[in-house]
Amino acid sequence: MDNIIVSFNVIAPVFFLMVLGYFLVNYTSLADGKLTKQANAIVFKIFLPCMLFYNVYQSDIGSEIHSRIRLCIWAAGGLLILFVLLCLIVPRIVTQENQQGVVIQGIFRSNYVIFGVAVVQNMYGPKSTTTAAILSAILVPMYNFLAVVALSIFGEKRENDWKKIILDIIKNPLIISSVLGIIFSLLGIRLPTAVDTTVQDLAKLSTPIAFMILGGDLDFSKIKGNLKTAFVVLTIKLVILPLIMIPMVVMMGYRDADLLSGGLAYQTPVAVSSYIMAQQAGADGQLAGQLVVFSSVLSIFTLFVTIFILRTMGLLAV
């Protein structure tokens with residue numbers, strides 16, 4: 001019973017915030033689609049970068065990254081291998097060409113910055129999110145770059161300006177903030193107290209607002225059609241991949257926050273931005289939107305089950 005309560009307390013806040021956001025946008029006059037779009041930009045450019053920066057900045061990154069180097073290599077290597085396999089297998093199975101790139105990015109691309117860091121923080125506290133923040137600095141640029149590659153190869157509109165693609169990735173606020181956090185931590189640079197407090201306060205706003213916006217963006221009117229394809233994609237993403245990848249992290253000897261951070265790299269829902277990118281690439285935007293909606297809702301249940309099982313096995317302690 002204790003494991004159920006702990007698992008519920010970790011996941012429930014995420015669910016409640018999404019429900020609140022959905023309710024505010026759809027059943028009140030306090031918020032609408034325009035507001036969520038503007039707020040989403042603020043979260044992406046200010047709140048989340050502050051959170052990533054501060055989580056790394058306040059840690060001893062030198063010793064932290066040394067003990068987690070194998071986990072970082074595993075996460076990056078696993079993502080590359082998965083991407084290559086998907087590019088080889090998906091086109092042979094998915095017959096509609098405009099769905100191939102969507103399916104590929106739907107399986108490998110995760111909303112790790114929001115879900116991954118938040119779940120670890122809910123369970124272990126802000127000071128235990130260093131591993132998740134480090135993995136974010138590695139995985140976020142890879143997600144973006146590989147998504148562009150997939151949609152360029154398998155989408156109708158191909159982006160051939162690779163210099164622009166790489167520049168856009170480098171300019172990503174999440175990547176910049178993570179790198180700055182690493183630099184500040186390694187060099188021992190300390191922010192003035194007033195600035196430190198301000199950044200910390202902004203970081204605290206990221207999780208609740210991000211999940212409320214995510215809930216507000218959910219559009220259940222678009223879930224009709226493509227149910228079979230969405231079911232297969234999300235079964236692979238939320239069930240099969242975790243069953244393969246999490247035991248690997250366990251065998252490497254990682255436990256608690258490190259284990260949870262690594263496992264979440266392959267079990268968090270599809271990134272919201274994948275829907276926008278699919279539309280811009282001329283791919284099946286409707287399927288991309290469905291994957292975001294379904295994965296965001298279903299991940300609440302799958303993450304609860306995962307945490308409960310790992311807690312029961314004694315691999316996650318609080």
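## Aspartate 256 in helix H12

Aspartate 256 is partly exposed, with a relative accessible area of 29%, a value that lies between the 20% under which a residue counts as buried and the 50% over which a residue counts as exposed. This residue belongs to helix H12, which covers residues 256-264, and its backbone has a positive phi of about 55° although aspartate 256 is not a glycine. The model discussed here is a predicted one, and the values below should be read with that in mind.

Asparagine 40 is placed in helix H2, and its relative accessible area of 35% makes asparagine 40 partly exposed. The C-alpha atom of asparagine 40 is separated by 7.2 Å from that of alanine 210, although these two residues are 170 residues apart along the chain.

Asparagine 111, by contrast, is found in a loop, the one between helix H5 (97-108) and H6. With a relative accessible area of 10%, asparagine 111 is buried, since buried means under 20%. When neighbours within four places in sequence are left aside, the residues in contact with asparagine 111 are Gly116, Leu214, Thr268, Pro269, Val270, Ala271 and Val272.

## Helix H2 against helix H6

Two packed helices are described by the angle between their axes and the distance between the axes. For helix H2 (residues 33-57) and helix H6 (residues 112-124), the angle is about 45° and the axes are 11 Å apart. H2 and H6 are therefore oblique to each other, and their crossing is left-handed.

On the H2 side the contact is made by Leu48, Met51, Leu52 and Asn55, while H6 contributes Val113, Ile114 and Val117. Sorted by class, the contact of H2 with H6 has 6 nonpolar residues, 1 polar residue and no charged residues.

## Helix H4 against helix H7

Helix H4 (residues 69-93) and helix H7 (residues 130-154) have axes that come within 10 Å and cross at roughly 20°. Because this angle falls under the 35 degrees used as the limit, H4 is roughly parallel to H7. The crossing of H4 and H7 is right-handed.

The H4 side of this contact consists of Leu71, Cys72, Ala75, Ala76, Leu79, Leu80, Phe83, Cys87 and Pro91, and the H7 side consists of Thr131, Ile134, Leu135, Ile138, Leu139, Met142, Tyr143, Leu146, Val149, Ala150 and Phe154. By class, there are 19 nonpolar residues and 1 polar residue in the contact of H4 with H7, and no charged residues.

## Helix H5 against helix H14

The axes of H5 and helix H14 (residues 285-312) come within 9 Å, crossing at roughly 20°, which makes H5 roughly parallel to H14. This crossing of H5 and H14 is right-handed.

Gln99, Val102, Val103 and Gly106 are the residues of H5 that meet Leu287, Ala288 and Leu291 of H14. The contact of H5 with H14 has 5 nonpolar and 2 polar residues by class, and again no charged residues.

## Aromatic pairs

The model has 10 aromatic pairs in total. One of them joins phenylalanine 23 and tyrosine 27, whose rings are stacked, with 5.9 Å centre to centre and 25° between the planes. Being 4 residues apart in helix H1 (residues 2-27), phenylalanine 23 and tyrosine 27 are separated by about one helical turn. Phenylalanine 23 is partly exposed, with a relative accessible area of 43%, whereas tyrosine 27 counts as exposed at 57% relative accessibility.

Tyrosine 57 and phenylalanine 184 form an aromatic pair with an edge-to-face arrangement, at 6.3 Å centre to centre and with 65° between the planes. Tyrosine 57 lies in helix H2 and phenylalanine 184 in helix H9 (residues 173-187), so this pair ties together parts that are 127 residues apart in sequence. At 1% relative accessibility, tyrosine 57 counts as buried. Tyr57 and Phe184 also belong to one aromatic cluster, which they form with Phe53 and Tyr54.

Technical notes. Residues numbered from 1 in each chain as written. Predicted model: local features only at pLDDT ≥ 70, side-chain atom pairs only at ≥ 80, totals over all residues. Heavy atoms only, no water. Axes fitted to C-alpha atoms, helices over the stretch in contact; angles between N-to-C directions. Helix = DSSP H or I, 4+ residues; strand = E, 2+ residues; numbered from the N terminus. Parallel < 35°, antiparallel > 145°, perpendicular 65-115°, else oblique. Left-handed = near helix turned anticlockwise from the far one by under 90°. Contact = heavy atoms within 4.5 Å. Nonpolar A, V, L, I, M, F, W, Y, C, P; charged D, E, K, R; others polar. Phe/Tyr/Trp six-rings, centres within 6.5 Å; stacked < 30°, edge-to-face > 60°. Buried < 20%, exposed > 50% of the residue type's maximum accessible area, 1.4 Å probe, protein only.
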